[in-house]
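Have a look at the chain below and get your bearings.

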Amino acid sequence: MRSILFVSIIMASASMLFGQDVTFTKDIAPIIYNNCTKCHRPDEIGPFSMTNYEETKEWAYSIKYVTAIRYMPPWKADPEYSRFQGERFLSQEQIDLLAQWADAGAPYGNASEEPELPTFPTGSQIGTPDLVLHMAQAYEHQGGNEDEYRVFVLPTNLTQDKQISTVELRPGNSKILHHALFSYDNTGEARALDLADPKYGYDGFGGFGVNASLQNMFPGYVPGQKPIPYPEGLGQILPAGSDILMQVHYGPSPFPAEDSSTVNIFFKKEPVERQVQNFIFLPFDPLITNGPFVMFPNTVRSFHCQFTTPLKISLFAIWPHAHLLNQDFEVYAINAAGDTTNLIRIPDWDFNWQGSYNFKKYIILEPGTTIHVNATYDNTINNPSNPNSPPAFVTWGEKTTDEMLFLPLSFVPYATGDENVVFEE
């Protein structure tokens, strides 16, 4: 008995000594500053700041918990399936360090070992925009725990065509703004829809309400998503005199709330040789193989879509989107020889954390390659995210209580040497 007690004391002491070796300045600050602070700082989406030791230590045990279950940082793509730019997941070693630091009482350490806080741009996550567009007025979301989709028309007043590098939304009210899609209109149709609606903007349920707007889509916005500019030599045209269309999804809110958001637009600095194109998977004929896209109460159902590319393409980004019933996404490609290329797998879908994923290098797909999309939906009481109790009949729709399978792919036609291109972070 004494020997067991002695061993236990030795192990506990060793554990305490080991934990005391982990300090904020030496071990924790590099993890926090490089993975957490970009969202957890003033005027960003994090609910509290982690820009120094005093701010961070108060959350030590919470940090230990949310990183241990991999809820934070928010990164849903399986890194063992495929890899992307801007990955936000932590290694097991980093997670262990955070736990040891919390258990040791969150010690500070030697001030000389603390790294400097990274320099974050003001009013942007990525730099100084070339064009800043503001909503003409604040918009009041209706509340009443109802979703609302609204399209706002933002005149660019451009006198010549511009090539877009990326688009960045700065939400005015991140508590209600769930996500946003962007396109453009140079026909005046959107302005007419805006003028015909008594409120600012117009109803955006079902899309932008303007022909060809989906084909003209720019990179969208979801919370926590850092915009990634298009690779060198690639761009997307924004015609002179066109209007930016911002389709905003305001999530359910119990009370009315105002939003006045800003859009940052970045132009290409180098010559653009190839125009970005988008292909969008939707669960309708001829893409879906086991439709219709409906979910009966108390059922779990998987849907499969596929498309065979007629030309050789260089794929560089993918954006899975679904709602609360979705459980997982898997997207892969099989060429004519039967070889499989993994594109993305999200084994534990979370409606609150979704966005675009940019590959680290071009994914080259030969003509005759079939892209497969599999997505599973749980419409039972066993799904804690199910918005209906009891479960209800659900089909396609843009309300949070509806469901979606929406998956844009961004690509360019293949050019010699694309297989050797590696994108810089």
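Histidine 179 stands opposite histidine 249 in β9. Helices (H or I, at least four residues) and strands (E, at least two) are DSSP runs, numbered from the N terminus. Keep in mind that this is a predicted model, where local features need pLDDT of at least 70, side-chain atom pairs count only at pLDDT 80 or more, and totals for chains, interfaces and linings use all residues. Residues are numbered from 1 along each chain as its sequence is written, and side-chain values use heavy atoms, leaving out hydrogens and water.

So who pairs with β9? Strand β5 (residues 177-185) does, in the antiparallel sense over eight bridges; two strands pair if DSSP finds at least two bridges between them. β3 and β9 also pair in the antiparallel sense, over eight bridges, and there proline 155 stands opposite aspartate 243.

Is β9 buried or exposed? Eight of the eight residues of β9 (residues 243-250) are buried, so the strand is largely enclosed by the rest of the structure. Buried means under 20% relative accessible area, exposed over 50%, and partly exposed in between (1.4 Å probe, protein chains only). In a regular strand, side chains alternate between the two faces of the sheet. In β9, Asp243, Leu245, Gln247 and His249 are buried on one side, and Ile244, Met246, Val248 and Tyr250 on the other.

| Bond | Omega | Loop holding the proline |
|---|---|---|
| methionine 72 to proline 73 | near -10° | between α4 (60-68) and α5 (92-103) |
| aspartate 285 to proline 286 | about 5° | between β13 (277-281) and β14 (294-295) |
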